[in-house]
Amino acid sequence: MSTYDEDLFKKSFIAAMYWTYGQNQERQFRFLDIMGLSGCTVLIVLCFLTIVFCALQVYWKMKDAENIMSAKTKELNRQLFVTLIFQTALPFIMMYSPVGLILTLPIFELDIGRMMNFCGASAGTYPALEPLIAILFIRDFRRTVLCQRTKKCRISGINTFSQFSNSRTNENTPSVFH
């Protein structure tokens, strides 16, 4: 009511209301909403722990295979692993944490007001930032996007077009192809 001048008992909304006030202004907890918060919190924690577990498994596999990889493969794996770390941290920072805070802070009667709009803004911005991580941390992507030239490997002394055209010459072929 104080932030948006709306009465939540007269409007429908999608949020948790952890308590209401009775006729004598006593607080009445709404256990279904509290259980919903608990379910969301458990889900967020399990997702994050799964991500950490999988990242550690990838790290240990890469560490074990380090001795049999070439220097170029090691470097590419390192770039991909750093990219994975940042692509994991980005949704945690931009989606999991804000949603978790917005669900949890009202229990402690902390007024977050218009800061709740950050969830929508970050959810809309996140898809645009996700590919930038790969572009920044994978060297070949970064070089391509920044139009940096790399060394090109050339095979000298072979002209495949002339070899192909010479094998198919006849009188009807224009002289441009000879």
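This is a predicted model: local features need pLDDT of at least 70, side-chain atom pairs count only at pLDDT 80 or more; totals for chains, interfaces and linings use all residues.

Biologist: How many residues does helix α2 have, and what does it reach from its first C-alpha to its last?

Modeller: Helix α2 covers residues 71-104, which is 34 residues, and reaches 47 Å from its first C-alpha to its last. That is close to the 50 Å expected at 1.5 Å a residue.

Biologist: Where is the kink in α2 centred?

Modeller: The kink is centred on F92 and amounts to about 40°.

Biologist: Which residues of α2 are buried?

Modeller: The buried residues of α2 are Q79, F81, T83, L90, P91, M94, P98, G100 and I102.

Biologist: And what covers them?

Modeller: The cover includes α1 (31-64), α3 (117-137) and α4 (139-145).

Biologist: Turning to aromatics, how many pairs are there?

Modeller: The count comes to 4 aromatic pairs. In one case, the ring centres of F86 and F137 are 4.6 Å apart and the planes are at 15°.

Biologist: Why is that pair called stacked?

Modeller: Planes under 30 degrees apart count as stacked, and those of F86 and F137 lie at 15°, so this pair qualifies. The pair also links distant parts of the chain, with F86 in helix α2 and F137 in helix α3, 51 residues apart.

Biologist: What is the relative accessible area of F86, and that of F137?

Modeller: F86 has 41% and is partly exposed; F137, at 28%, also counts as partly exposed.

Biologist: Which residues form an aromatic cluster?

Modeller: Y59, W60 and F81 form one aromatic cluster. F81 is also among the buried residues of α2.

Biologist: Now the charged side chains. How many salt bridges does the structure hold?

Modeller: There are 3 salt bridges. One of them joins D33 to R30, with the closest N and O atoms 3.3 Å apart.

Biologist: Which residues does E75 meet in salt bridges?

Modeller: E75 meets R78 at 2.8 Å, N to O, and R139 at 3.1 Å, N to O. Salt bridges that share partners join E75, R78 and R139 into one network.

Biologist: How far apart are R78 and E75 along the helix?

Modeller: They are 3 residues apart in helix α2, so about one helical turn separates them.

Terms used: Residues are numbered from 1 along each chain as its sequence is written. Side-chain values use heavy atoms; hydrogens and water are left out. Helices (H or I, at least four residues) and strands (E, at least two) are DSSP runs, numbered from the N terminus. The expected span of a helix is 1.5 Å times one less than its number of residues. The bend at a residue is the angle between axes fitted to the seven residues ending there and the seven starting there. Buried means under 20% relative accessible area, exposed over 50%, partly exposed in between (1.4 Å probe, protein chains only). Contact means heavy atoms within 4.5 Å. Rings of Phe, Tyr and Trp (its six-membered ring) pair if their centres lie within 6.5 Å; planes under 30 degrees apart count as stacked, over 60 as edge-to-face and the rest as tilted. A salt bridge is a side-chain nitrogen of Lys or Arg within 4 Å of a carboxyl oxygen of Asp or Glu.
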